[in-house]
Amino acid sequence: MSYEVKGVIARSKGAPVEIATIVVPDPGPGEAVVDIQACGVCHTDLHYREGGINDEFPFLLGHEAAGTVAAVGEGVTNVAVGDFVILNWRAVCGQCRACLKGEPQYCFDTHNAAQKMTLTDGTELSPALGIGAFVEKTLVHSGQCTKVDRQAPATAAGLLGCGVMAGVGAAINTGGVRRGESVAVFGCGGVGDAAIAGAKLAGATTIVAVDIDDRKLEWARQFGATHTVNSSQTDAVEAIKAATSGFGVDVAIDAVGHPKVFEQAFYARDLAGRVVLVGVPTPDMQLTLPLIELFGRGGALKSSWYGDCLPSRDFPMLVDLYLQGRFPLDDFVSETIGMDAVESAFEKMHKGEVLRSVVTF
């Protein structure tokens, strides 16, 4: 048995996305079929459409999603039919060297569904980040499903599947922000604002938001920034030092992924401070820093993969905090749209007009 459903695909590099009929197989061993209720439009999906990830077209786009388990395959025990789940793209294996060291958030052999979803003519689809969720039903590995409280609306909960988790985790998991510390976040889109919200949640007392767009800086204040800096008009490093008694911040988070921004973050931190790179650079980018400065400043330079999250631990916790009114997931949702508006959502995202457009089903 299989399902025929509607979904959004990128057929070729740079071409506008289109709605197509997708064939979703019954789940095999270790797999699950999920009825998608909502999926955020993430910049990574645009990277796929532009050929910036790989050239394995056609892609079934979408990965930042939540929905209800419709069917499970043989041997699945972590979720059951009817469970409300958030999808994740790093389903830990439990057996690789990272997992066996007790660091499953770094799993080096994450799981995806073994079977392929296809077009009606049999053409195999490459699901974005192993998920493919701009579709009415999708096939994933059961480990990519994390059960959470169904009281949370899918439009909000689904955002934990990628961007919001990446930002929150960059602050809390990778950066290890503690009560009373100071934080600077460079880049105030969805990931950067999530890092600001995460820093606030952790108890940071000074949170400096840096961007070149005053509209985004206003958004940053809504998520907890205590200071804002428009770096197109003001020296960001000097402004951050001025906000921290001349010392710099305990944690500097680069949510842009550009060498110049990372260099600012490096110099904006206090002695023994931590720099976290969560923005994704392009393969051609290079970084040069004086080695004596690296030695002399101490601390740590870290990259953050998916906010170093463990979905089974972090997703339910953040959903609970949201339901308690302590974490503002709803504020990341700029608009809800249908599948036919994904292309225009890409344009709005590129122009910085939205934090997240969310496709609802």
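Residues are numbered from 1 along each chain as its sequence is written, and side-chain values use heavy atoms, with hydrogens and water left out. Because the model is predicted, local features need pLDDT of at least 70 and side-chain atom pairs count only at pLDDT 80 or more, while totals for chains, interfaces and linings use all residues.

The chain holds 11 helices and 18 strands, counted as DSSP runs of H or I with at least four residues for helices and of E with at least two for strands. Its radius of gyration, 20 Å, is close to the 21 Å that the globule rule gives for 361 residues, so the chain is as compact as a globular protein of that length; the radius is taken over C-alpha atoms, and the rule is 2.2 Å times the number of residues to the power 0.38. Along the principal axes, the C-alpha atoms fill a box of roughly 65 × 40 × 40 Å.

Of the 361 residues, 54% are buried, meaning that their relative accessible area is under 20% with a 1.4 Å probe, protein chains only. The largest nonpolar core has 52 residues, a core being a set of buried Ala, Val, Leu, Ile, Met, Phe, Trp, Tyr and Cys residues joined through side-chain atoms within 4.5 Å. Among the members that touch the most others are Ile-86, Leu-160 and Phe-315. Leaving aside neighbours within four places in sequence, Leu-160 is in contact (heavy atoms within 4.5 Å) with residues including Ile-86, Tyr-306 and Phe-315. A second, separate core of 33 residues includes Val-8, Tyr-48, Leu-61 and Val-76.

Key:
Buried means under 20% relative accessible area, exposed over 50%, partly exposed in between (1.4 Å probe, protein chains only).
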